[in-house]
Amino acid sequence: MSDIESPRKVTLVDRLLGRITPGGPELTELLENKTDEGIQEMAPRSRTSPRELRLESGSVLRLPEGVELNRADIDVETPEDESMILNLGPSHPSTHGVLRVMVEIDGETVLRSKPVVGYLHTGMEKTAEELMYHQGSTNVTRMDYLAPFFNELAYCLSVEKLLDIDIPVRATWIRMLMCEFNRISSHFLWLATNSADLGAINMLVYGWREREMVLAFFEKVTGLRMNHNYFRPGGVAADLPDGWRDDALALCQAIPRRMDEYDDLLTGQPILQNRLQGVGPLDAETAIGLGVTGPLLRSTGVAWDLRRDQPYLAYDDVDFDVIVGTSGDCWDRYAIRFNEIRESVRIIEQIMDMMPAGDFRTQDKKITPPPRNRIDESMEALIHHFKLYTEGFRVPPGEAYVPIESPRGESGCYIVSDGTARPYRMHMRAASFANLQAMAPLARGALLADTIAIVSTIDPVLGDVDR
Amino acid sequence: MNSAAIPVEPVAPVAVPDTPEAETRHGCPVIDSLGAAVVHCNRDRYLELCSGLKADGYALPVGVTGVDYLTHPGRDLPEGIEAERFEVVVELLSLSNRSRVRVRCQVPGEDPWVPTLFGLWPGTEAHERETYDMFGVEFRGHPDPSRILMPEEWEGHPLRKDYDTGHIPVQFKEAPN
């Protein structure tokens, strides 16, 4: 079907003018005539004017938008001793999403700054009140989209606490495995974007490439690169696939080697050092008062990592170091995230050794839906399946807050249950939201260019900030 | 800035009574909620309680949020605490004691306001703005009492239970109208 039955070689002009259809004539017919409202497709390319085609192919230079602006319309009188308000973002690559920072500058020095958020607010907490508990994880996974497993984990642990159930040991270890890989992928993306913000553009490509390696593993396990909906209340959605150990081992061997290369590439580089060292220093007391957590807090010298200090899952059983900085500047934050990737690899190696066998989700039939093939055989399974997907499971009244250590700090899910199958209130304590409060004190008195480095090392994810 | 060794535990540890045995804390009843210590209070005692907790070593403000109990009034509360429509929930963390405490403050529905905690922990600033934005609870004394997530000119407070989500009717082709 895919062969084009034309003896002549297809040229670019043919493609541009729509003379050929990808998939061949049979597919075109198939697509065209299948609806009762007739042909459902866009107008043919042959109707596009030649000028439009030239514009599309880039052979006509498009003029910048401001070229027709009348200069007499602009007020150019600005006294030198007056400060100026500048908006960074919300649509700028260095703001990592849709963060808008209003800065008041005098020359190059930042006098005041204020992060303006909410551009990505989609009311997920309101949505959560309408979803049943087993549907909730697909909602929360979209919050911090660079660390989806951590959202799901906080949510599931909170629901499980309200339900007062224990999940199988294997599910706990699978969750740890995925979370640590997620920490690596999240920090790789940070490494990529942070380096790009500071001008190390080649690292941008490497960081995304390494992250993609980890995402390929996620795709194999969960079916999706992001927004996995893999952790469910009661365990995980599916067991690890065959051959997961080989993939994880390959990653564990590749990542430390690559990290050594990036160490050579970045850490010793004088430009990067100048851009980061001594920039945006934060002291421990301010950091604690501002409620910041994660690498930002650890960079100030406070050794606080929930995996060690208030352990959840099975972090008690693995051996790892909490990376701590001394001066709380951008360089410390860089070094902490850099080395946390190595620590996560170390944890994953231990998880691979200790991964127990057994169930991957709880066998409580009131919580876990039956496997598909059981529905054909067992009436009871059919009833359970029907009840679970129409009514959901009821959760005893109460409230629970479970904090976990996400790549950005403390993520926690506060759920209030009124005894029905839907959360009465679901609140996510977003690490990025709290950490962003450190932005204004850090940027005060810094140079405008350093503000970019400061935003970058705070590492806010706007999906997490705005929810 | 300061490369000298910074103390790992910057807050002087104060002996805090173990939560399950302590009936009250700073005069407010404490209950155990699935293993977490929860202090209940009303608006009059809110600021006093929070200052006391800060003095106890709860130096890190984890978060401030709200709950609208409009459609779920019959919840378990300790004696002496009267249920109101709103609750302001404050989660606090003590790094030195590795302990957490949650404050649940009752806020009347007809006149929802509480004093701000900004003076105690500057890190409550954004959380209080979010709670105001979502529930309409006013934080008196807040340096920047404005919306944070919703647009400035937005009307209503989305996470209130009497705020409808709205829906788009599904239109079927053959259906009348």
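Two strands count as paired if DSSP finds at least two bridges between them. Strands (E, at least two residues) and helices (H or I, at least four) are DSSP runs, numbered from the N terminus.

A quick word on the model: it is predicted, so local features need pLDDT of at least 70 and side-chain atom pairs count only at pLDDT 80 or more, while totals for chains, interfaces and linings use all residues. Residues are numbered from 1 along each chain as its sequence is written, and chains are lettered from A and ligands numbered from 1 in the order in which they are written.

**Exercise 1. Trace the open sheet of chain B and find its edge strands.**

Step 1. Follow the order β1-β2-β3-β6-β5-β4: these six strands of chain B make an open sheet with mixed pairing.
Step 2. Look at the ends. β1 (24–25) and β4 of chain B each pair on one side only, which makes them the edge strands.
Step 3. Zoom in on β1(B). Its pairing with β2 (residues 28–33) of chain B is antiparallel, over two bridges. Thr24(B) has Pro29(B) in β2(B) as its bridge partner.

**Exercise 2. Work out which parts of chain B touch chain A.**

Step 1. Count the contacts: 33 residues of chain B meet 41 residues of chain A. Contact here is C-beta atoms, placed from the backbone, within 7 Å.
Step 2. Sort by element. β4 (60–68), β5 (86–94) and α2 (125–135) of chain B each give two or more residues, and β4(B) has the largest share, with six.
Step 3. Sort by class: this side of chain B has 21 nonpolar, eight polar and four charged residues. (Nonpolar covers Ala, Val, Leu, Ile, Met, Phe, Trp, Tyr, Cys and Pro; charged covers Asp, Glu, Lys and Arg; the others, Gly among them, are polar.)

**Exercise 3. Describe the hairpin of β2(A) and β3(A).**

Step 1. β2 (residues 100–106) and β3 (residues 109–116) of chain A pair in the antiparallel sense over seven bridges.
Step 2. Pick out a pair: Pro115(A) in β3(A) stands opposite Val101(A).
Step 3. Check the turn. Two residues sit between the strands, and Gly107(A) in the turn has a positive phi of about 65 degrees.

Key. Two residues are in contact if their C-beta atoms, placed from the backbone, lie within 7 Å.
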